[in-house]
Amino acid sequence: MSPPRFVVDTMLGRLARWLRAMGYDTLYLGPADDRRLLQLAETENRILLTRDAKLARLAASRGCLIRADGVDHQLVEAVEKLSLVPREAGWLSRCLECNTVLEPRPKELLSGLVPEYIFATHTEFMGCPGCRKVYWAGSHADRMLTRLSRLLDRKGSL
Ligand SMILES: [Zn+2]
């Protein structure tokens, strides 16, 4: 079974970045009207994550109402409600900014494009063909995943 795909409403932009960090195909349109979100969920077979109970009802089986405040709690709520398996879609496989699938980048092409100490101490890099952002082990996105593991480990006490 292929991993689920998502579209999130205007209120959940930060959650979208976390879902992408986990590797899930996640659309975030910024301000968008409900009809557009519902249409995307329908035509692209995406689960609509929303803070709006009415919108979640309209999306029916494709709707997922997120009640929690704060992105940490929202993330745990989404993982539980959707039974996500944090490694199923591939960690660090998708750009946090634009949702494009990342590609390996040969180190020699990155001189001057990443901080010097990062260039000196890392051998493997991933790059976004969409917005050109570069990722590496220990970069912000990677640290988010470490935090995610911790959040899920202690979710009982959140
Ligand atoms: Zn990108």
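This report walks through the fold of one chain in a predicted model.

## Overall layout

The chain has six helices and seven strands. Read from the N terminus, the elements run β-α-β-α-β-α-β-α-β-α-β-β-α.

How does the size of the chain fit its length? A compact globule of 158 residues would have a radius of gyration near 15 Å, and the chain has 17 Å, which agrees. Along the principal axes, the C-alpha atoms fill a box of roughly 50 × 35 × 30 Å.

## Inside and outside

Of the 158 residues, 29% are buried.

## Helix H1, an enclosed helix

Helix H1 covers residues 13-21. Seven of its nine residues are buried, so the rest of the structure largely encloses this helix. The buried residues are Leu15, Ala16, Arg17, Trp18, Leu19, Arg20 and Ala21. Two arginines are on that list, Arg17 and Arg20.

What covers the buried residues of H1? The cover includes three strands: S1 (6-8), S2 (26-28) and S3 (47-50). It also includes the helices H4 and H6. After H1 comes Gly23, which has a positive phi near 105°.

## How H1 meets H4

Two packed helices are described by the angle between their axes and the distance between the axes. For H1 and H4, the axes come within 10 Å and cross at roughly 55°. The crossing of H1 and H4 is right-handed.

Which residues make this contact? From H1 come Arg14, Leu15 and Trp18. From H4 come Val71, Gln74, Leu75 and Ala78. By class, the contact of H1 with H4 has five nonpolar residues, one polar and one charged.

The numbering along each helix is worth a look. An α-helix has 3.6 residues a turn, so residues three or four places apart point the same way. In H1, Leu15 and Trp18 both take part in the contact with H4. In H4, Val71, Leu75 and Ala78 are among the residues that meet H1.

## How H4 meets H6

Helix H4 (residues 71-81) also packs against helix H6 (residues 140-153). Their axes are 10 Å apart, at an angle of about 70°. H4 and H6 are therefore roughly perpendicular to each other. This crossing is right-handed.

On the H4 side, the contact uses Asp72, Leu75, Val76 and Val79. On the H6 side, it uses Leu148, Leu151 and Leu152. Six residues of the contact are nonpolar, none is polar and one is charged. Leu75 of H4 takes part here, and Leu75 also meets H1.

## Two loop residues with positive phi

Asn99 sits in the loop between H4 and strand S5 (103-105). Its phi is near 75°, a positive value in a residue other than glycine. Is Asn99 buried or exposed? Asn99 has 21 other C-beta atoms within 10 Å. The cut-off for buried is 20 or more, so Asn99 is buried.

Arg132 sits in the loop between strand S6 (125-127) and strand S7 (134-136). Phi of Arg132 is also positive, near 75°. Arg132 has 13 other C-beta atoms within 10 Å, so it is partly exposed.

## Exposed sites

Ser61 lies in the loop between helix H3 (53-58) and strand S4 (63-65). Ser61 counts as exposed because it has 7 C-beta neighbours inside 10 Å. Ser61 and Glu77 are 16 residues apart in sequence. In space, they are 17 Å apart, C-alpha to C-alpha.

Pro104 lies in strand S5. With 9 other C-beta atoms within 10 Å, Pro104 is exposed. How many residues separate Pro104 and Arg36 in sequence? The count is 68, and their C-alpha atoms are 33 Å apart in space.

Key
Residues are numbered from 1 along each chain as its sequence is written. This is a predicted model: local features need pLDDT of at least 70, side-chain atom pairs count only at pLDDT 80 or more; totals for chains, interfaces and linings use all residues. Helices (H or I, at least four residues) and strands (E, at least two) are DSSP runs, numbered from the N terminus. The radius of gyration is taken over C-alpha atoms; the globule rule is 2.2 Å times the number of residues to the power 0.38. A residue is buried if 20 or more other C-beta atoms lie within 10 Å of its own, exposed if 12 or fewer, and partly exposed in between; C-beta atoms are placed from the backbone. Axes are lines fitted to C-alpha atoms, for helices over the stretch in contact, and angles run from 0 to 180 degrees between N-to-C directions. Angles under 35 degrees count as roughly parallel, over 145 as roughly antiparallel, 65 to 115 as roughly perpendicular and the rest as oblique. A crossing is left-handed if the near helix is turned anticlockwise from the far one by less than a right angle, and right-handed if clockwise. Two residues are in contact if their C-beta atoms, placed from the backbone, lie within 7 Å. Ala, Val, Leu, Ile, Met, Phe, Trp, Tyr, Cys and Pro count as nonpolar, Asp, Glu, Lys and Arg as charged, and the others, Gly among them, as polar.
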